[in-house]
Amino acid sequence: KNATDESGRKVGNFFNSYMNEALVEQLGLKPLQSEIAKIDKLADKNDLVRYFGYSETIGLGGPIGFFVDQDDRISTQHLAGVVQSGTTLPDRDYYLLDEPKYVKARQALKAYIAKLFELSGKAHGDKAADAVLDLEMKLAKVQWDRTTLRDAEKRYNKYQVGKLKELTPNFPWPIYFEAAGVKGLTELNVVTPSYFEGFEKILAETSVETWKQYLHF
């Protein structure tokens, strides 16, 4: 009973704090300043990868989705996995197709990014919005479409961690896993292998500053 009461109290406190709009307005960006400071200090690609891993531990997300789930082929075991991620709009079509509704959605996203930069006191929000949208479009281009993602066979690609270099020779997976709090990982499912091949190239070709703008957004 006590445990139940304590859990209920915590849930109630969490809900009430979330709904306390007056306090949210009063605090502004203060609760986020420590995270923003971490992003501002990122200096190179290894720092970025470290932050990508860390972001999974705080529920922020990024271009790599890390998870643990039941092994689809060995139901008595669990299996870690990585999957494509990192885009804001609901589907890659929103980035790649020129139908009016998709164009409108991209324009709205760009305006939203710029507004958040303005509200958070960051300069050059319009330029940042262009850069972030362009980066998300590049990520979308190497993502799998919905039809392919529904194929259970294609989604199951078990790799030994030591063999990940065969897929992405230059990506520092040990840095990522350490930052994500993962120890002793020997194998995992790479759900979308071709995405990670493309992402490795995008990571290399995109400036640290643009990635920092993306993470700030």
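**Reading helices and a sheet in a predicted model**

Modeller: In this predicted model, helix 3 (residues 33–40) packs against helix 13 (residues 208–216) at an angle of about 165°, and their axes are 9 Å apart.

Biologist: Why is helix 3 described as roughly antiparallel to helix 13?

Modeller: Two packed helices are described by the angle between their axes and the distance between the axes. An angle over 145 degrees counts as roughly antiparallel. The angle of about 165° therefore makes helix 3 roughly antiparallel to helix 13. The crossing of these two helices is right-handed.

Biologist: Which residues make the contact between helix 3 and helix 13?

Modeller: Helix 3 contributes Ile36, Ile39 and Asp40, while helix 13 contributes Lys212, Leu215 and His216.

Biologist: In what order do the strands of the sheet stand?

Modeller: Strands of a sheet pair through backbone hydrogen bonds, either parallel or antiparallel. Here 4 strands form an open sheet with mixed pairing, in the order 1-2-4-3. Strand 1 (64–71) and strand 3 (158–160) are at the edges with a single partner strand each, so one side of each lacks a neighbour in the sheet. On average, neighbouring strands are turned by 35° against each other, direction ignored.

Biologist: How many bridges join strand 1 and strand 2?

Modeller: Strand 1 pairs with strand 2 (residues 74–84) over 8 bridges, in the antiparallel sense. Gln70 stands opposite His78 in strand 2.

Biologist: Which helix lies across these strands?

Modeller: Helix 12 lies across strands 1, 2, 3 and 4, running at about 35° to strand 2. Helix 12 (residues 193–205) has 13 residues and reaches 19 Å from its first C-alpha to its last, close to the expected 18 Å. Its buried residues include Tyr195, Phe196, Phe199 and Leu203.

Note on methods:
Residues numbered from 1 in each chain as written. Predicted model: local features only at pLDDT ≥ 70, side-chain atom pairs only at ≥ 80, totals over all residues. Heavy atoms only, no water. Expected span 1.5 Å × (residues − 1). Buried < 20%, exposed > 50% of the residue type's maximum accessible area, 1.4 Å probe, protein only. Pairing = 2+ DSSP bridges. Axes fitted to C-alpha atoms, helices over the stretch in contact; angles between N-to-C directions. Contact = heavy atoms within 4.5 Å. Parallel < 35°, antiparallel > 145°, perpendicular 65-115°, else oblique. Left-handed = near helix turned anticlockwise from the far one by under 90°.
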